[in-house]
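Reader: I would like to go through a pocket and a sheet in this model. Where shall we begin?

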Amino acid sequence: MAHYLVIVESPAKVKTIKKFLGSNYTVAASQGHVRDLPKSQLGIDIEHDYEPKYITIRGKGDILAALRKEVKKSDKVYLATDPDREGEAISWHLAAALKLDAKKMRRITFNEITKNAVKASLKAPRDIDMDLVDAQQARRVLDRMVGYMISPLLWVKVKRGLSAGRVQSVALRLVADREDEINAFIPEEYWTLDAVLKVKGERRPLTAKFYGTDKKKITIHTKEELDEILSEVQNAEFKITDIKKSERIRRAPLPFTTSTLQQEAAKALNFGTQKTMRIAQQLYEGVDIKGNGTVGVITYLRTDSTRISEEADASAREYIASVYGKEYAAESGEAKSSGKKIQDAHEAIRPTDISRTPAALKESLTRDQFRLYQLIWKRFTASRMQPARYETVSVNIGAGQYCFTVSTAKVAFDGFRSVYTEADEEKEESNVLVGNLSMDSVLTREEFDPKQHYTQPPAHYTEASLVKALEELGIGRPSTYAPTIAIILGRRYVTKEAKNLYLTEIGEVVNNMMKQSFPSIVDVNFTANMEGLLDMVEEGKVEWKEVIRNFYPDLEEAVKKAEEELETVKIEDEVTDVICEECGRNMVIKYGPHGKFLACPGFPECRNTKPYLEKIGVPCPICGKEIVIRKTKKGRKYYGCENNPECEFMSWQKPSKEKCPECGGYMVEKGNRLVCADKECGYVKKNEE
């Protein structure tokens, strides 16, 4: 009897797939990549048309030896690595490392690890797709060039162990640019005005919001403007001028892609991107379900497609009709297009079997697996359902020349919302009185409720919003979002407090150096265009080495220029007037994982270190001592008094020596302006320096 070998990436898949295949199949795992570029050198032969110098990864010798034995015993070898560029490249490397005969070797892919999908893939084997492999090779070589040619410059200028990367440097720049926006933001005052009205015949009052005039909306900027409006409406008659009834439709959401799953899991479950991907991988590779054995419960987790197979779509709508009613099932499973370039090789993330409800699997899953599976199941089910419909009523109320409005929305048909609502979905306005109003309703003003507000700066990035930004800008691909964020956090370029990402001192230094010496590498458009070129390689429209040939000369020139600049400016440790109490030398400033610190130059004989408190030349507004740059435990920079903890002064913005001419308080720098630290004062002065 013929014997077949199926090689997958993960040992977890071996257990799941073995169960689906007969005794004449052996299933073995490569445990990821088996060949890669060497760590000790660039590993690309520049002289010979950028040929990569692949070697066996350390520690993979025994795995390859075991696989070779299985290959000898087999009549045919099926390479069943993941259905994406990376998986295709792993299959190609396996074929080379195992010296597989082309006649004996076939490539198979499946989007879900279920019996039907695995057996169907064996009926449709193919050759290795070299366009996919070449797209992965191009990405790997580009990333290696950037990392290995730029990182040593960071070691010389800042500290060893730092790294630059083609995608990570752009992600770092996005965080840094957002921090600059926030620091330069000056809040602007505005007011809202509500009128609390008594409706004749009703016990409860009605609250209407100031809109403006009948013809245009008015924003109230100052207390003076507010007082002017109040003086006019104080004694005005409040009368209904218009009632509009209409229907609003809220469409069902699309099923999850990698990016949207990471964003929603962060908002709804408070999962980091890496945690989301780790748990999704477990659900994809297979979980032990009581009565069914090990089975993959979701489809492949790295995708930017919202497409769903016809079979899955039909079965979902059949399930919805039987459980929720025919009126809830969508009429067709056509997905809306996002209008941007996607890799449509596989489907959106969905359950492999919609009848496997979260409740049915609860006892077979860990708490986190259950919560993520439930999110995926609900989102997919909702995507195949009818829109939600709302009856809306909008009422315009005249008061002299001004207009107030009040509105309500009542659910007429809940549709997909019977299954799923998004984590940050706005609460519907529900003012029950509105439905009882008519043009003849008599209104009496009870009171006005004015409120002062200030505009808010852009929000700091979270992992979820950074993933969204990377996707919208076309930077990276589904498989790169989580590792990219993990790198900038792991290198301590960025720190995470609560959910927010903040730039650290070391991140600021690296970002500034990259912007100065390698502007194209950290240019958002350049990086997005590069992704577009990699897509064209995958489609067979561009030869992969052509991308490298066009990229390398410019990178080499930029590196040489940066090296020359470093040679002219000899980088030496900055000597301070702080004396080492252990050996008497003047201590020097060094960079550590969290930024600058003081170290004894007598290392390794003297290992004395202390925190470095950098003075900014501004006296503390509270006690008059020096203000210094301090850092939170996680590395976020702020300004505090050197006399801490006795003096509790702190500011996220850099204080200025200049006093506010309006209130006498201290001022802070915001971009190119000085602003009074007291928001109530709000004085702003153009900084002429």
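Author: Start with a term: two strands pair if DSSP finds at least two bridges between them. Keep in mind that the model is predicted.

Reader: How many bridges join β21 to β22?
Author: β21 covers residues 595-599 and runs antiparallel to β22. Pairing needs at least two bridges. The number joining β21 to β22 is three.

Reader: Which residue of β22 is the bridge partner of Leu598?
Author: β21 spans 595-599 and is joined to β22 by bridges. The partner of Leu598 in β22 is Lys610.

Reader: Now the second largest pocket. Which element gives the most to its lining?
Author: The pocket has a volume of about 1,100 Å³. Elements that give two or more residues to its lining are α6 (168-184), α15 (505-517), β25 (637-641), β28 (666-670) and β29 (673-676). With five residues, the top contributor is α6.

Reader: How many residues of that pocket's lining are charged?
Author: The second largest pocket is lined by 42 residues, with Ile182, Asn183, Trp652, Gln653 and Lys670 nearest its centre. The lining has 17 nonpolar and eleven polar residues. The charged residues number 14.

Definitions and conventions: Residues numbered from 1 in each chain as written. Predicted model: local features only at pLDDT ≥ 70, side-chain atom pairs only at ≥ 80, totals over all residues. Heavy atoms only, no water. 1 Å grid on protein atoms, 1.4 Å probe; cavity = no way out; pocket = protein on both sides within 12 Å on 5 of 7 lines; lining within 4 Å. Points joined across faces, edges and corners; volume = space filled by probe spheres on them. Helix = DSSP H or I, 4+ residues; strand = E, 2+ residues; numbered from the N terminus. Nonpolar A, V, L, I, M, F, W, Y, C, P; charged D, E, K, R; others polar.
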